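Please read this briefing alongside the sequence and the model. It is grouped by topic.

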Number of protein chains: 2
Amino acid sequence: MEVREALYTTRAMRRMKPDRIPMDVQARVLDAAIRAPSASNTQDWRFVLVDDPDLMRTLGDLVRQGEQRSKETLYAERVAAAALAPDEPANAAFLRMLSSVWYLVDHFAEVPLLLAAFVREGVASDASIYPAMWSAQLAARAEGVGSVMTRVLDVYFHDATCEILVVPLEEHWRMSGAVVMGYPTGRWGVAPRRRVHEVAFRNTWGAPLGFEVAEPLWPERRVESS
Amino acid sequence: MEVREALYTTRAMRRMKPDRIPMDVQARVLDAAIRAPSASNTQDWRFVLVDDPDLMRTLGDLVRQGEQRSKETLYAERVAAAALAPDEPANAAFLRMLSSVWYLVDHFAEVPLLLAAFVREGVASDASIYPAMWSAQLAARAEGVGSVMTRVLDVYFHDATCEILVVPLEEHWRMSGAVVMGYPTGRWGVAPRRRVHEVAFRNTWGAPLGFEVAEPLWPERRVESS
(Lines give C-alpha, C1' and ligand atoms only; values in the text may rest on other atoms or scores of the structure.)
Protein backbone atom coordinates (compact mmCIF):
# COMPACT_ATOMS: atom_id res chain seq x y z
CA MET A 1 0.00 0.00 0.00
CA GLU A 2 1.18 3.49 -0.89
CA VAL A 3 2.15 5.51 2.18
CA ARG A 4 -0.24 8.36 1.42
CA GLU A 5 -3.18 6.00 1.10
CA ALA A 6 -2.32 4.68 4.57
CA LEU A 7 -1.95 8.20 6.03
CA TYR A 8 -5.29 9.31 4.56
CA THR A 9 -7.42 6.25 5.20
CA THR A 10 -6.31 5.02 8.61
CA ARG A 11 -9.43 6.33 10.29
CA ALA A 12 -10.76 5.16 13.65
CA MET A 13 -12.30 1.71 13.23
CA ARG A 14 -14.41 0.68 16.24
CA ARG A 15 -16.63 -1.98 14.65
CA MET A 16 -14.52 -5.05 14.14
CA LYS A 17 -14.95 -8.77 13.56
CA PRO A 18 -13.84 -11.23 16.28
CA ASP A 19 -11.56 -13.00 13.74
CA ARG A 20 -8.08 -13.57 15.12
CA ILE A 21 -5.15 -11.66 13.68
CA PRO A 22 -2.47 -14.14 12.49
CA MET A 23 0.87 -14.08 14.32
CA ASP A 24 2.84 -13.07 11.22
CA VAL A 25 0.55 -10.04 10.77
CA GLN A 26 1.03 -9.10 14.43
CA ALA A 27 4.79 -9.44 13.99
CA ARG A 28 4.84 -7.13 10.97
CA VAL A 29 2.72 -4.56 12.80
CA LEU A 30 4.88 -4.55 15.91
CA ASP A 31 8.17 -4.67 14.03
CA ALA A 32 7.10 -1.61 12.03
CA ALA A 33 6.03 0.16 15.24
CA ILE A 34 9.45 -0.09 16.89
CA ARG A 35 11.10 1.64 13.90
CA ALA A 36 9.48 4.87 15.09
CA PRO A 37 11.66 7.58 16.64
CA SER A 38 12.05 8.17 20.38
CA ALA A 39 13.84 10.99 22.18
CA SER A 40 17.58 10.49 21.48
CA ASN A 41 16.67 6.96 20.36
CA THR A 42 16.38 5.66 23.94
CA GLN A 43 13.56 3.25 22.93
CA ASP A 44 12.36 3.30 26.52
CA TRP A 45 9.15 1.61 25.50
CA ARG A 46 7.38 -1.66 26.18
CA PHE A 47 4.30 -3.18 24.56
CA VAL A 48 1.84 -5.76 25.83
CA LEU A 49 -0.28 -7.55 23.24
CA VAL A 50 -3.47 -8.76 24.89
CA ASP A 51 -5.52 -11.52 23.24
CA ASP A 52 -6.68 -13.50 26.26
CA PRO A 53 -10.51 -13.39 26.37
CA ASP A 54 -10.65 -13.22 30.19
CA LEU A 55 -8.25 -10.28 30.24
CA MET A 56 -10.20 -8.56 27.47
CA ARG A 57 -13.40 -8.98 29.47
CA THR A 58 -11.75 -7.51 32.57
CA LEU A 59 -10.33 -4.57 30.62
CA GLY A 60 -13.67 -4.17 28.85
CA ASP A 61 -15.39 -3.54 32.20
CA LEU A 62 -12.95 -0.70 32.90
CA VAL A 63 -13.37 0.69 29.38
CA ARG A 64 -17.14 0.77 29.89
CA GLN A 65 -16.80 2.65 33.19
CA GLY A 66 -14.28 5.02 31.58
CA GLU A 67 -16.44 5.80 28.57
CA GLN A 68 -19.39 6.39 30.88
CA ARG A 69 -17.29 8.84 32.86
CA SER A 70 -16.13 10.61 29.67
CA LYS A 71 -19.73 10.96 28.55
CA GLU A 72 -20.71 12.53 31.87
CA THR A 73 -17.73 14.89 32.14
CA LEU A 74 -15.57 15.59 29.06
CA TYR A 75 -18.43 15.13 26.60
CA ALA A 76 -21.29 16.42 28.78
CA GLU A 77 -21.63 19.69 26.87
CA ARG A 78 -21.54 18.04 23.46
CA VAL A 79 -23.98 15.35 24.59
CA ALA A 80 -26.41 18.05 25.76
CA ALA A 81 -25.99 20.10 22.56
CA ALA A 82 -26.52 17.01 20.41
CA ALA A 83 -29.70 16.12 22.31
CA LEU A 84 -31.14 19.55 21.47
CA ALA A 85 -30.20 19.54 17.77
CA PRO A 86 -29.29 16.01 16.70
CA ASP A 87 -29.48 16.82 12.97
CA GLU A 88 -26.98 19.70 13.06
CA PRO A 89 -24.01 18.26 11.09
CA ALA A 90 -21.37 18.56 13.87
CA ASN A 91 -23.79 17.06 16.38
CA ALA A 92 -24.75 14.27 14.01
CA ALA A 93 -21.05 13.43 13.50
CA PHE A 94 -20.51 13.46 17.26
CA LEU A 95 -23.49 11.14 17.80
CA ARG A 96 -22.19 8.76 15.13
CA MET A 97 -18.81 8.71 16.89
CA LEU A 98 -20.47 8.09 20.26
CA SER A 99 -22.54 5.29 18.80
CA SER A 100 -19.41 3.59 17.43
CA VAL A 101 -17.66 4.07 20.80
CA TRP A 102 -20.52 2.26 22.53
CA TYR A 103 -20.55 -0.47 19.91
CA LEU A 104 -16.90 -1.06 20.79
CA VAL A 105 -17.68 -1.00 24.53
CA ASP A 106 -20.43 -3.58 24.05
CA HIS A 107 -18.19 -5.85 21.99
CA PHE A 108 -14.91 -5.27 23.82
CA ALA A 109 -14.56 -8.88 24.99
CA GLU A 110 -14.61 -10.08 21.36
CA VAL A 111 -11.93 -7.63 20.16
CA PRO A 112 -9.16 -9.94 18.92
CA LEU A 113 -6.15 -7.84 19.94
CA LEU A 114 -5.22 -4.95 22.19
CA LEU A 115 -1.81 -3.28 22.11
CA ALA A 116 -1.03 -1.56 25.40
CA ALA A 117 1.92 0.83 25.22
CA PHE A 118 4.24 1.96 28.00
CA VAL A 119 7.01 4.52 28.18
CA ARG A 120 9.49 5.30 30.93
CA GLU A 121 8.66 8.60 32.64
CA GLY A 122 10.98 11.36 31.49
CA VAL A 123 11.49 14.48 29.40
CA ALA A 124 9.69 14.22 26.06
CA SER A 125 8.41 10.73 26.86
CA ASP A 126 5.07 11.55 25.21
CA ALA A 127 6.81 12.19 21.88
CA SER A 128 8.64 8.89 22.37
CA ILE A 129 5.61 6.61 22.35
CA TYR A 130 2.73 8.06 20.26
CA PRO A 131 4.66 7.90 16.97
CA ALA A 132 5.25 4.16 17.59
CA MET A 133 1.58 3.62 18.41
CA TRP A 134 0.51 5.49 15.28
CA SER A 135 3.02 3.48 13.22
CA ALA A 136 1.37 0.31 14.56
CA GLN A 137 -1.99 1.62 13.35
CA LEU A 138 -0.58 2.51 9.92
CA ALA A 139 1.15 -0.85 9.57
CA ALA A 140 -2.10 -2.56 10.61
CA ARG A 141 -3.95 -0.55 7.95
CA ALA A 142 -1.58 -1.92 5.32
CA GLU A 143 -2.56 -5.43 6.48
CA GLY A 144 -6.27 -4.64 6.28
CA VAL A 145 -6.54 -4.47 10.07
CA GLY A 146 -8.58 -1.64 11.57
CA SER A 147 -7.72 0.05 14.85
CA VAL A 148 -8.49 2.87 17.22
CA MET A 149 -6.59 4.29 20.16
CA THR A 150 -8.34 4.38 23.51
CA ARG A 151 -7.11 6.44 26.44
CA VAL A 152 -9.81 5.66 29.01
CA LEU A 153 -7.78 2.85 30.56
CA ASP A 154 -4.69 4.95 31.26
CA VAL A 155 -6.53 8.24 31.96
CA TYR A 156 -9.09 6.85 34.44
CA PHE A 157 -7.69 3.50 35.57
CA HIS A 158 -3.95 3.74 35.13
CA ASP A 159 -2.80 1.78 38.16
CA ALA A 160 -5.65 -0.75 38.01
CA THR A 161 -4.87 -1.51 34.36
CA CYS A 162 -1.18 -1.80 35.11
CA GLU A 163 -1.94 -4.19 37.95
CA ILE A 164 -3.99 -6.38 35.58
CA LEU A 165 -1.14 -6.42 33.08
CA VAL A 166 1.48 -6.91 35.85
CA VAL A 167 3.42 -3.76 34.95
CA PRO A 168 6.36 -3.01 37.30
CA LEU A 169 5.38 0.56 38.16
CA GLU A 170 8.33 0.82 40.55
CA GLU A 171 10.51 0.94 37.40
CA HIS A 172 8.74 4.17 36.42
CA TRP A 173 6.79 2.81 33.47
CA ARG A 174 3.66 4.69 32.51
CA MET A 175 0.87 3.42 30.31
CA SER A 176 0.32 5.81 27.38
CA GLY A 177 -2.80 4.27 25.92
CA ALA A 178 -4.01 1.20 24.09
CA VAL A 179 -4.73 0.46 20.45
CA VAL A 180 -7.48 -2.06 19.82
CA MET A 181 -7.21 -3.95 16.55
CA GLY A 182 -9.37 -6.16 14.39
CA TYR A 183 -10.63 -6.70 10.88
CA PRO A 184 -13.21 -3.96 10.29
CA THR A 185 -16.84 -4.60 9.41
CA GLY A 186 -17.03 -1.23 7.61
CA ARG A 187 -15.19 0.35 4.72
CA TRP A 188 -11.99 2.37 4.64
CA GLY A 189 -12.20 5.99 3.60
CA VAL A 190 -10.82 9.47 4.09
CA ALA A 191 -12.18 10.94 7.33
CA PRO A 192 -13.43 14.56 7.22
CA ARG A 193 -11.04 17.15 8.64
CA ARG A 194 -10.78 20.92 8.91
CA ARG A 195 -8.76 22.18 5.95
CA VAL A 196 -5.04 22.78 6.25
CA HIS A 197 -5.16 26.53 5.68
CA GLU A 198 -7.67 26.86 8.52
CA VAL A 199 -5.30 25.30 11.06
CA ALA A 200 -1.86 26.30 9.78
CA PHE A 201 0.04 29.56 9.43
CA ARG A 202 3.28 30.82 7.91
CA ASN A 203 6.04 32.17 10.19
CA THR A 204 3.72 33.66 12.79
CA TRP A 205 0.35 32.65 14.22
CA GLY A 206 -2.52 33.91 12.08
CA ALA A 207 -0.40 34.80 9.03
CA PRO A 208 -1.48 33.24 5.69
CA LEU A 209 -0.01 29.83 5.00
CA GLY A 210 0.82 30.55 1.36
CA PHE A 211 -1.39 27.86 -0.10
CA GLU A 212 -4.92 26.56 0.21
CA VAL A 213 -6.13 23.00 0.03
CA ALA A 214 -9.83 22.81 -0.80
CA GLU A 215 -10.08 19.02 -1.03
CA PRO A 216 -7.90 16.18 0.31
CA LEU A 217 -4.69 15.89 -1.76
CA TRP A 218 -5.02 12.15 -1.98
CA PRO A 219 -5.86 10.87 -4.54
CA GLU A 220 -3.86 13.49 -6.54
CA ARG A 221 -5.28 17.00 -6.69
CA ARG A 222 -3.97 20.42 -7.57
CA VAL A 223 -2.77 22.84 -4.87
CA GLU A 224 -3.98 26.45 -5.21
CA SER A 225 -1.36 29.01 -4.22
CA SER A 226 -2.84 31.96 -2.32
CA MET B 1 6.38 4.77 -1.77
CA GLU B 2 5.18 1.65 0.01
CA VAL B 3 3.97 2.40 3.55
CA ARG B 4 6.33 -0.09 5.19
CA GLU B 5 9.34 1.41 3.44
CA ALA B 6 8.31 4.79 4.89
CA LEU B 7 7.77 3.35 8.39
CA TYR B 8 11.16 1.59 8.35
CA THR B 9 13.33 4.27 6.75
CA THR B 10 12.05 7.53 8.20
CA ARG B 11 15.04 7.86 10.50
CA ALA B 12 16.19 11.11 12.11
CA MET B 13 17.86 13.28 9.44
CA ARG B 14 19.80 16.18 10.94
CA ARG B 15 22.17 16.99 8.08
CA MET B 16 20.18 18.73 5.39
CA LYS B 17 20.73 20.96 2.36
CA PRO B 18 19.53 24.57 2.46
CA ASP B 19 17.43 23.97 -0.72
CA ARG B 20 13.90 25.26 -0.34
CA ILE B 21 11.01 22.81 -0.19
CA PRO B 22 8.47 23.64 -2.93
CA MET B 23 5.03 24.82 -1.81
CA ASP B 24 3.23 21.86 -3.38
CA VAL B 25 5.45 19.47 -1.42
CA GLN B 26 4.74 21.41 1.79
CA ALA B 27 1.02 21.23 1.02
CA ARG B 28 1.09 17.46 0.54
CA VAL B 29 3.04 17.02 3.78
CA LEU B 30 0.69 19.16 5.84
CA ASP B 31 -2.48 17.83 4.24
CA ALA B 32 -1.36 14.28 5.09
CA ALA B 33 -0.53 15.35 8.65
CA ILE B 34 -4.04 16.61 9.42
CA ARG B 35 -5.54 13.23 8.45
CA ALA B 36 -4.08 11.85 11.70
CA PRO B 37 -6.41 11.00 14.58
CA SER B 38 -7.04 13.24 17.58
CA ALA B 39 -9.00 12.52 20.75
CA SER B 40 -12.69 12.26 19.69
CA ASN B 41 -11.61 13.95 16.43
CA THR B 42 -11.51 17.42 18.03
CA GLN B 43 -8.57 18.47 15.77
CA ASP B 44 -7.60 21.04 18.40
CA TRP B 45 -4.28 21.56 16.68
CA ARG B 46 -2.47 24.37 14.93
CA PHE B 47 0.74 24.37 12.90
CA VAL B 48 3.18 27.16 12.10
CA LEU B 49 5.50 26.62 9.14
CA VAL B 50 8.62 28.73 9.61
CA ASP B 51 10.83 29.54 6.62
CA ASP B 52 11.87 33.11 7.39
CA PRO B 53 15.68 33.19 7.79
CA ASP B 54 15.59 35.79 10.58
CA LEU B 55 13.12 33.73 12.56
CA MET B 56 15.18 30.59 11.97
CA ARG B 57 18.27 32.38 13.28
CA THR B 58 16.39 33.52 16.39
CA LEU B 59 15.02 30.02 17.01
CA GLY B 60 18.46 28.57 16.26
CA ASP B 61 19.95 30.55 19.18
CA LEU B 62 17.39 28.99 21.52
CA VAL B 63 18.00 25.52 20.08
CA ARG B 64 21.73 25.93 20.73
CA GLN B 65 21.13 26.92 24.35
CA GLY B 66 18.65 24.07 24.76
CA GLU B 67 20.98 21.42 23.33
CA GLN B 68 23.77 22.73 25.56
CA ARG B 69 21.49 22.37 28.55
CA SER B 70 20.48 18.83 27.50
CA LYS B 71 24.14 17.88 27.19
CA GLU B 72 24.88 19.16 30.70
CA THR B 73 21.82 17.62 32.37
CA LEU B 74 19.84 14.89 30.58
CA TYR B 75 22.84 13.52 28.70
CA ALA B 76 25.53 14.24 31.31
CA GLU B 77 25.90 10.60 32.33
CA ARG B 78 26.05 9.31 28.77
CA VAL B 79 28.49 12.06 27.78
CA ALA B 80 30.78 11.05 30.67
CA ALA B 81 30.49 7.34 29.86
CA ALA B 82 31.23 7.99 26.19
CA ALA B 83 34.32 10.04 27.09
CA LEU B 84 35.71 7.07 29.02
CA ALA B 85 34.99 4.41 26.37
CA PRO B 86 34.22 6.10 23.05
CA ASP B 87 34.63 2.88 21.04
CA GLU B 88 32.06 0.87 23.00
CA PRO B 89 29.24 0.39 20.42
CA ALA B 90 26.43 2.10 22.40
CA ASN B 91 28.73 5.01 23.24
CA ALA B 92 29.90 5.31 19.65
CA ALA B 93 26.27 5.44 18.48
CA PHE B 94 25.50 8.09 21.10
CA LEU B 95 28.50 10.18 20.01
CA ARG B 96 27.42 9.91 16.37
CA MET B 97 23.96 11.14 17.36
CA LEU B 98 25.43 13.99 19.39
CA SER B 99 27.65 14.97 16.50
CA SER B 100 24.65 15.13 14.14
CA VAL B 101 22.70 17.14 16.73
CA TRP B 102 25.50 19.71 16.84
CA TYR B 103 25.75 19.76 13.07
CA LEU B 104 22.06 20.72 13.03
CA VAL B 105 22.62 23.35 15.74
CA ASP B 106 25.47 24.89 13.73
CA HIS B 107 23.39 24.97 10.55
CA PHE B 108 20.01 25.78 12.03
CA ALA B 109 19.69 29.15 10.28
CA GLU B 110 19.97 27.41 6.89
CA VAL B 111 17.32 24.77 7.62
CA PRO B 112 14.68 25.44 4.95
CA LEU B 113 11.56 24.60 6.96
CA LEU B 114 10.43 24.16 10.55
CA LEU B 115 6.99 22.84 11.47
CA ALA B 116 5.97 23.97 14.96
CA ALA B 117 2.97 22.09 16.37
CA PHE B 118 0.47 23.21 18.97
CA VAL B 119 -2.37 21.50 20.76
CA ARG B 120 -5.03 22.83 23.08
CA GLU B 121 -4.40 21.75 26.67
CA GLY B 122 -6.72 18.95 27.72
CA VAL B 123 -7.16 15.26 28.43
CA ALA B 124 -5.17 13.10 25.99
CA SER B 125 -3.86 16.16 24.15
CA ASP B 126 -0.45 14.49 23.78
CA ALA B 127 -2.01 11.62 21.81
CA SER B 128 -3.78 14.23 19.69
CA ILE B 129 -0.68 15.90 18.23
CA TYR B 130 2.27 13.48 17.98
CA PRO B 131 0.53 11.19 15.45
CA ALA B 132 0.01 14.23 13.19
CA MET B 133 3.64 15.28 13.58
CA TRP B 134 4.83 11.77 12.80
CA SER B 135 2.51 11.66 9.77
CA ALA B 136 4.16 14.88 8.56
CA GLN B 137 7.55 13.19 8.84
CA LEU B 138 6.32 10.08 6.99
CA ALA B 139 4.70 12.14 4.24
CA ALA B 140 7.92 14.17 3.96
CA ARG B 141 9.89 10.91 3.62
CA ALA B 142 7.70 9.93 0.67
CA GLU B 143 8.69 13.26 -0.95
CA GLY B 144 12.40 12.64 -0.32
CA VAL B 145 12.42 15.24 2.48
CA GLY B 146 14.31 14.36 5.67
CA SER B 147 13.22 15.48 9.12
CA VAL B 148 13.77 15.22 12.83
CA MET B 149 11.68 16.26 15.80
CA THR B 150 13.22 18.61 18.30
CA ARG B 151 11.77 19.23 21.75
CA VAL B 152 14.34 21.67 23.15
CA LEU B 153 12.28 24.72 22.11
CA ASP B 154 9.12 23.66 23.93
CA VAL B 155 10.83 21.90 26.84
CA TYR B 156 13.28 24.69 27.75
CA PHE B 157 11.89 27.83 26.07
CA HIS B 158 8.18 27.25 25.72
CA ASP B 159 6.91 30.76 26.36
CA ALA B 160 9.82 32.50 24.63
CA THR B 161 9.29 30.41 21.48
CA CYS B 162 5.55 31.06 21.59
CA GLU B 163 6.22 34.79 21.92
CA ILE B 164 8.46 34.68 18.83
CA LEU B 165 5.75 32.85 16.87
CA VAL B 166 3.00 35.11 18.31
CA VAL B 167 1.02 32.22 19.80
CA PRO B 168 -2.08 33.29 21.81
CA LEU B 169 -1.23 31.42 25.02
CA GLU B 170 -4.34 32.87 26.69
CA GLU B 171 -6.32 30.50 24.44
CA HIS B 172 -4.57 27.57 26.17
CA TRP B 173 -2.43 26.47 23.25
CA ARG B 174 0.70 24.53 24.10
CA MET B 175 3.65 23.92 21.82
CA SER B 176 4.30 20.18 21.51
CA GLY B 177 7.55 20.28 19.57
CA ALA B 178 8.95 21.17 16.19
CA VAL B 179 9.90 19.11 13.16
CA VAL B 180 12.75 20.50 11.07
CA MET B 181 12.71 19.49 7.43
CA GLY B 182 15.06 19.57 4.47
CA TYR B 183 16.52 17.46 1.70
CA PRO B 184 19.06 15.19 3.39
CA THR B 185 22.76 15.10 2.54
CA GLY B 186 22.98 11.47 3.69
CA ARG B 187 21.25 8.27 2.70
CA TRP B 188 18.02 6.72 3.89
CA GLY B 189 18.21 3.44 5.75
CA VAL B 190 16.71 1.29 8.48
CA ALA B 191 17.83 2.59 11.87
CA PRO B 192 18.99 0.02 14.43
CA ARG B 193 16.49 -0.84 17.13
CA ARG B 194 16.11 -3.29 19.99
CA ARG B 195 14.25 -6.33 18.69
CA VAL B 196 10.50 -6.65 19.11
CA HIS B 197 10.57 -9.68 21.39
CA GLU B 198 12.90 -7.82 23.77
CA VAL B 199 10.41 -4.98 24.28
CA ALA B 200 7.03 -6.67 23.89
CA PHE B 201 5.09 -9.27 25.86
CA ARG B 202 1.91 -11.34 25.51
CA ASN B 203 -1.01 -10.71 27.90
CA THR B 204 1.13 -9.84 30.91
CA TRP B 205 4.41 -8.03 31.40
CA GLY B 206 7.36 -10.36 30.96
CA ALA B 207 5.42 -13.21 29.34
CA PRO B 208 6.72 -14.48 25.95
CA LEU B 209 5.38 -12.61 22.95
CA GLY B 210 4.76 -15.73 20.88
CA PHE B 211 7.13 -14.82 18.06
CA GLU B 212 10.65 -13.61 17.58
CA VAL B 213 11.95 -11.20 14.98
CA ALA B 214 15.69 -11.56 14.48
CA GLU B 215 16.05 -9.06 11.63
CA PRO B 216 13.85 -6.17 10.43
CA LEU B 217 10.79 -7.52 8.58
CA TRP B 218 11.24 -5.03 5.78
CA PRO B 219 12.23 -5.93 3.12
CA GLU B 220 10.29 -9.22 3.48
CA ARG B 221 11.64 -11.75 5.97
CA ARG B 222 10.31 -14.81 7.70
CA VAL B 223 8.89 -14.64 11.23
CA GLU B 224 10.01 -17.40 13.64
CA SER B 225 7.30 -18.56 15.99
CA SER B 226 8.56 -19.21 19.52
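The points below go from the overall picture to single residues.

This is a predicted model, in which local features need pLDDT of at least 70 and side-chain atom pairs count only at pLDDT 80 or more, while totals for chains, interfaces and linings use all residues. Residues are numbered from 1 along each chain as its sequence is written, and chains are lettered from A and ligands numbered from 1 in the order in which they are written.

**Chain A overall**

- Chain A holds nine helices and seven strands. Helices (H or I, at least four residues) and strands (E, at least two) are DSSP runs, numbered from the N terminus.
- The C-alpha trace of chain A spans about 55 × 50 × 35 Å along its principal axes.
- Of the 226 residues of chain A, 46% count as buried. A residue is buried if 20 or more other C-beta atoms lie within 10 Å of its own, exposed if 12 or fewer, and partly exposed in between, with C-beta atoms placed from the backbone.
- Among contacts in chain A between residues at least 6 apart in sequence, 75% join residues at least 24 apart. Two residues are in contact if their C-beta atoms, placed from the backbone, lie within 7 Å.
- Chain A is assigned domain 1 (3-187) and domain 2 (193-226). Such bounds come from an automatic or database domain assignment. The C-alpha centres of domain 1 and domain 2 of chain A are separated by 29 Å.

**Interface and symmetry**

- In the interface, 74 residues of chain A are in contact with 74 residues of chain B.
- On the side of chain A that touches chain B, at least two residues each come from α1 (3-9), α2 (23-33), β1 (45-50), α6 (130-142), α9 (196-199) and β5 (200-202).
- The residues of that side of chain A divide into 50 nonpolar, ten polar and 14 charged. Here Ala, Val, Leu, Ile, Met, Phe, Trp, Tyr, Cys and Pro count as nonpolar, Asp, Glu, Lys and Arg as charged, and the others, Gly among them, as polar.
- Chain A superposes on chain B by a rotation of 180° with 0.0 Å of shift along its axis (RMSD 0.0 Å). The two copies are thus related as by a two-fold rotation axis. Superposition is by least squares on the C-alpha atoms of residues with pLDDT of at least 70 in both.
- In chain A, the C-alpha nearest the axis belongs to A:Val3, at 1.9 Å.
- Both copies use the same surface, as 100% of the contact residues of chain A recur in chain B.

**Strands across the interface**

- β1(A) pairs with β5 (200-202) of chain B in the parallel sense, over three bridges. Two strands pair if DSSP finds at least two bridges between them. A:Leu49 has B:Arg202 as its bridge partner in β5(B).
- β5(A) and β1(B) also run parallel, joined by three bridges. A:Phe201 is partnered by B:Val48.
- Within chain B, β1(B) pairs with β2 (113-120) in the antiparallel sense over six bridges. There B:Leu49 has B:Leu115 as its bridge partner.
- Six of the six residues of β1 (45-50) of chain B are buried, so this strand is largely enclosed by the rest of the structure.
- In a regular strand, side chains alternate between the two faces of the sheet. B:Trp45, B:Phe47 and B:Leu49 on one side of β1(B), and B:Arg46, B:Val48 and B:Val50 on the other, are all buried.

**Loop residues**

- A:Gln43 sits in the loop between α2 and β1 of chain A. A:Gln43 is buried, with 20 C-beta neighbours inside 10 Å. Leaving aside neighbours within four places in sequence, A:Gln43 is in contact with A:Ser38, B:Arg193, B:Arg194 and B:Val199.
- A:Ser40 lies in the loop between α2 and β1 of chain A. A:Ser40 has a positive phi of about 40° although it is not a glycine.
- The peptide bond from A:Trp218 to A:Pro219 is cis, with omega near -10°. In chain B, a cis peptide bond joins B:Trp218 and B:Pro219, with omega about -15°.
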